[in-house]
Amino acid sequence: MAVSNEELNRQFEYATRVRQLLLDRTGGKSPKAFTHTYGCQGNVADGEKIDGILSEMGYEFTDDPAEADFILFNTCAVREHAEDRIFGNVGRLKKYKETNPNLIICLCGCMVQQPHIVQRIKDHFRYVDLAFGTHVIYKLPELLYRTLTEEGRVFDISEDNNDIAEDGVIRHNSNIKAFLPVTYGCNNFCTYCVVPYVRGRERSRSYDEVLNEARSLVNQGYKEIMLLGQNVNSYGNDFHEKNLFPKLLRDINDIPGDFLIRFMTSHPKDCSHELLDAMAECEKVERHLHLPVQSGNDRVLKAMNRHYDREHYLELIRYARSIMPDLSITSDIIVGFPGETHEEFLDTISLVKEVGYSALYTFIYSPRVGTKAASLPDPMTRTEKQQWFEELQFAQEQCAAARTEQFRGQVFRVLAEKRNKHGKLEGRTSGNTMIEFDAPDSCLGTFCDVRVTEPLSFVLKGELN
């Protein structure tokens, strides 16, 4: 369900109050905000909503935290390393607070949705003024008003009723590519994953809202739309409609205009032939499928609560490639899940070689508080897991090099996204492989035909054709 218009109007009133309050405090100058998002594309999309709300409250944006009146970190909880890095960066904010006592420091997002993290913030980071979780982003105006007008710090990690707030201003990070969330939350409860606990249960956005937003993005000139969800394949399940996501792909594909469609993430247990057929038949849907496998061993997959086995996964791959021979497939893999043996890990290596992934996102298992896997026996040492990790990386590098070598001399239609630090324009092939090439700035935001001149393992070098 959507957040009520009454509540949205209430937040708009708070935004108006905050805007005036800030102008009074700054003598009519626009206050400046520094925001930084960690983690996945879903977090980035949330960050764009947060920036939109801040802009409604009168904030301008700066890349320099030293000149900011408001600093916000939108956090990630997927691995312990991510949390440690964020806390290290939060520690560096103390000097800005000492220089500017009126500075407001805010933490939000997945990490903050965890009660033990909030307690750590309260105890050890007393200069953090405001913290809120993933369910109350739309309440930022009210929370900030309370921070500005009440004595004491403001914390809100309530889950509310999990309703979805529509119609807010979004400050997109790019004028070429746009994120379009279709679902929030997750119902899968993989034993290693904290997402269902910090993001809540699955909620799908209204079909009409998603389709109308897609039309609006195309009309605004965006050339790539990325549909987002923790599991996009389950879009509409809470409407009691199966395979609604393939229909959504087809309807967005039918919107007039020259643009691309990408999506992630797909869960193998819900990846249907209907979805793969829609990909094959929709000319605007790119030939890239991110299908996280996590492990190639059936016992480990069961312990992870993934609800598919190796053969089911491989059947999907075979069918997908039978109708899309040029399909690029990427995946996530966890190394060293509790109780995993080296022999079981070798099943993952053999699957990687059999599938021939374009790229892998590989991680050493990281225990997450509150998940089932965190309580499982884990006899393997970190050193052993690191050795396995390096073995997996080597296998993937060989697969990627063999795949990209096939692209030598081929011409790809590429959306020129930005100029990189080497002075080259860069974009991605339909299969999501990065390619860089020499071209003038006039090519930015346009489609270019690029011939591959030098295929490397994870990036292609090319020239305008």
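His240 is placed in the loop between strand E10 (224–228) and H9, where helices (H or I, at least four residues) and strands (E, at least two) are DSSP runs numbered from the N terminus. This is a predicted model, in which local features need pLDDT of at least 70, side-chain atom pairs count only at pLDDT 80 or more, and totals for chains, interfaces and linings use all residues. Residues are numbered from 1 along each chain as its sequence is written, and side-chain values use heavy atoms, with hydrogens and water left out.

**Backbone**
- His240 has a positive phi of about 65° although it is not a glycine, and at 74% relative accessibility His240 counts as exposed (buried is under 20% relative accessible area, exposed over 50%, partly exposed in between, with a 1.4 Å probe and protein chains only).
- His307, in the loop between helix H11 (298–303) and helix H12 (310–323), also has a positive phi of about 65°.
- The peptide bond from Met264 to Thr265 is cis, with omega near 10°.

**Helix pair**
- Phe245, Pro246, Leu249 and Arg250 in H9 meet residues of H10 including Leu275, Ala278 and Met279, contact meaning heavy atoms within 4.5 Å.
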